[in-house]
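Let's take a walk through a protein complex, one stop at a time. Keep the 3D view open and follow along as we go.

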Amino acid sequence: MTLATITAAVMMLGITLYACTGIADYGAGFWDLTAGGREPGRRPRQLIDAAITPVWEANHVWLIFTLVLCWTAFGPAFASIMTTLFIPLAAAAFGIVLRAASFAMSKDAARARARHVAGWLFGVGSIVTPFCFGLVVGAIITGRVPVGNAAGNEVSSWWNVTSIVVGLLVVGLGAFVAAVYLIAEANKRGIAELPRYFRRRAIAAGAAALVLGVIALVTLLAEQRQMFDRVVSRSWLLIVLGLVALAAVFWLAVRGTVRGLRLVAGVGVAALVWAWAVAQYPYLLPFSLTIKAGAAPSVTLGWILGWFVVSLLLVVPALILLFVLDQRADLGEDPTTSRPTGDFDGVASPIPRSRRADLGTGG
Amino acid sequence: MAPVPLWLAEPAQLLPAREQMATTLMFHIIFVPIGVALPAFILIANYKGLRNNDGVALTLARRWSHALGLTFAVGAASGTVLSFEMGLLWPGLTGRFGQVFGLPFAIEGVAFFLEAILVAIYIFGWRRLRPWTHFWLGLPIPFVSMAGALSIISANAWMNMPAGFTLGPNGQVTNIDPGAAILNKALPYEFAHFILAAYLAAGFTLASIYVVGWLRGRRDRYHRLGILIPFTIAAVLTPIQFVVGDRAAIAIFQDQPAKFAAMEVVTTSGTNQAEILYGRYDSATNTVAGGVSIPGLDSWLAGGSTSTYVPGLDSIAANDRPSNVNIVHWAFDTMVGIATLLILLALWFAIAYWRRRDVPHSRIFLWCAAGAGVLTYVAVEAGWIVTEVGRQPWIVYNVLRTSDAVTHAGGIWVSFTLVLLLYLLLAIGTVMVLRAMSRRWRQGVPTADEDAVYGPRPDVAVEPADTPATSSARAER
């Protein structure tokens, strides 16, 4: 395997991580938007807010990682994609800003009406961005992005049946993964009804994604036979894996099991991402630019991969520590010194868990 | 012949693309000093609190960490947009030279992620770790954020002083050396100047918030510490920044004479150049009207004597001249002027503190200190304008023209308009949340980490339902 191929694999890893985390954040926005009126939608929205706040916008790091890696290692492909697909990519970026802005506003908007409008904009941004990412993927797999500065058609390259179906598929996958994650969140908090609420939605979104996936294959067959053949002949195992994962999620959800649910859903999404990667290999832009032809010289790739290893060594221990702290109980607080009190081996907490809710919702 | 006005310059995408990049960068840069320097102030307050068993200092540190979480999240969103724009607007730069100077962005991405994790650990840790363990785990944050700033500045410095490659006869990029590109000639002075600017902006701004409270009569220990910790650090660093800034200007005089000529609006090459404060430059005649002129000072500042030869704008081919000399010159004079005012303020503070060990009582001082935060930010933005607009018409100095790097895609005016609207919304949202935070704190609501961005997950965020479904849902678990 060449350095360029390894770098491309690392880039796909970034896309996979973003698909399993960031796309799920958009899905949470989708459920926020579709939660219904103010009163019936209040409890699911509260759960969504509580689940997203701790990781707010942090998952974009995988997107930034992918973009930076692409322009450093595969500059010609990056420039071609970014110019021909200027409109959907700009719209995706605007969706991200819209989400951030409205999320901030909904956090502390004094009036319920302002909060409602902000929540609506948050939902709109959450649908626009993943849909646009899907348009981009659709344009790439159907070979509509040629090499050059805005060399492809700036509209028809992404506004076509396959791209639109893939766009809807990405929205559906986000909604599916988000609903699965929210089942676990609701369950962890022991909130009545909500696990079932999101279970229904996970199954509906999963079914919708399945249908959209089938339609996407059919339109690919009609529009880009060469890519369709590659998907069928090379990636069938990964697609089967994705289907098995989807079936497993359905089975676990119907049984009411939570353990393993998130992992299985993540594996399913990852399988689809890699089905795309395997089908497209060795092309960066089907079928005009290969990884080999579009890659930076090996000295740059060597630096990138070296830095990737170093960054794993830095980030992984920090992530493990954060996870350990997430699992650890709150130790309470001495109100006069505002220093934490209690036993620091994480055994006992002087303030019972129920009191913490009072502190937490004090604002 | 005068340079072609920007709105007539080809291609048509150039002006809106530059405006959009400028808007998003100038917005993003507001969050940079907070992310880079606020962690240090938090840790100092944290250390003080633990060392002296000082609950007030600990409260300050904890609340600042919550504000940091919020600004960090907004900065993440606007930073994501910037990484899009590197390709959306400047494909000629990233597509061709990404292989040379892309690596620092990858380094910054990891530093940013690491900082986000460490900030989350720090906010989680207030109630979940031993106090000193918590402090030690927070200690890497200022250094990680500094590494992030170093890498982004490295990429920008490379655009000013490109290195680590050679251009072939057909313009192909060969002999790439990413290490040499990272450690380019402009990096040391750009980095030193920027990191100090970040600490000044964060310090004066943070202090000014408590100065306003102090002026409104909230003269307690909480506000006193809130002023003293950040203001002292910023005041100490101000004179250092003045010296570093002077060194940077001299380095630019040697490395980028065109930018220097625009900064100081030197029209005609020669010795004994006058320092012109403000004034209006006319690109058609290459002359300056108005302004205050100090004979010989510019030559003296550039080379230490009035006989120093300073190349003027006339020595640069018309189409290589900075496209907007007035903006560069006014921004430079504004930055230096603000720095001079800040030095006087720091001096006042030093004398008063030395005599009475307290925040100066004079209302004039307090009014100035309340404005210092905004002024420092104006200086940061002005400095950024000097380095970016001053490099034009080049995106990579003397290698790649901005007009050759811009996208050929249409619709940039539309995207620029949308950017303006959305960033306005983002700014309003951010200010609203910060104000609500401060209102809550003033009302004495307990500082709960669960409310903070990147804080621990709230345990019970949703009220239990009073429906019969409760029991069945429980049973399902």
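This is a predicted model: local features need pLDDT of at least 70, side-chain atom pairs count only at pLDDT 80 or more; totals for chains, interfaces and linings use all residues.

Leaving aside residues up to four places away in sequence, L252(A) touches T257(A), R259(A), G260(A), L261(A) and V264(A). The residue itself sits in helix α11 of chain A, which covers residues 236–255. Is L252(A) buried or exposed? It's buried: its relative accessible area is 12%, and the cut-off for calling a residue buried is under 20%. Now look for G22(A), which is 230 residues away from L252(A) in sequence. In space, the two C-alpha atoms are 24 Å apart.

Next, let's look at helices in pairs. Two packed helices are described by the angle between their axes and the distance between the axes. Stay in chain A and pick out helix α2 (residues 22–33) and helix α8 (residues 161–188). Their axes come within 7 Å and cross at roughly 85 degrees, so α2(A) is roughly perpendicular to α8(A). From α2(A), the residues that take part are I23(A), A24(A), G27(A), A28(A), F30(A) and W31(A). They meet residues of α8(A) including V170(A), G174(A), A178(A) and L182(A). Sort the residues of this contact by class and you get 13 nonpolar, two polar and no charged ones.

Now hop over to chain B for another pair: helix α2 (residues 55–88) and helix α15 (residues 412–442). Here the axes come within 10 Å and cross at roughly 170 degrees, and therefore α2(B) and α15(B) are roughly antiparallel to each other. On the α2(B) side, the contact includes R63(B), L70(B), V74(B) and E85(B), while α15(B) brings in residues such as Y423(B), L426(B), M437(B) and W441(B). By class, this contact has eleven nonpolar, three polar and two charged residues.

What about disulfides? A disulfide is a covalent bond between the sulfur atoms of two cysteines. Searching the whole structure turns up zero of them over all chains. Take C70(A): the closest cysteine sulfur belongs to C132(A), and because it is 18 Å away, that's too far for a bond. C70(A) is also buried, at 11% relative accessibility, whereas C368(B) is partly exposed, with a relative accessible area of 37%.

Finally, how confident is the predictor? The complex gets an ipTM of 0.83 and a pTM of 0.87. Chain B averages a pLDDT of 86, and 92% of its residues score at least 70. Over residues 460–477 of chain B, though, the pLDDT is below 50. That stretch still has 29 contacts in the model beyond near neighbours in sequence.

Conventions
Residues are numbered from 1 along each chain as its sequence is written. Chains are lettered from A and ligands numbered from 1 in the order in which they are written. Side-chain values use heavy atoms; hydrogens and water are left out. Helices (H or I, at least four residues) and strands (E, at least two) are DSSP runs, numbered from the N terminus. Buried means under 20% relative accessible area, exposed over 50%, partly exposed in between (1.4 Å probe, protein chains only). Contact means heavy atoms within 4.5 Å. Axes are lines fitted to C-alpha atoms, for helices over the stretch in contact, and angles run from 0 to 180 degrees between N-to-C directions. Angles under 35 degrees count as roughly parallel, over 145 as roughly antiparallel, 65 to 115 as roughly perpendicular and the rest as oblique. Ala, Val, Leu, Ile, Met, Phe, Trp, Tyr, Cys and Pro count as nonpolar, Asp, Glu, Lys and Arg as charged, and the others, Gly among them, as polar. pLDDT is the predictor's confidence in each residue, from 0 to 100. A disulfide is a pair of cysteine sulfur atoms within 2.5 Å.
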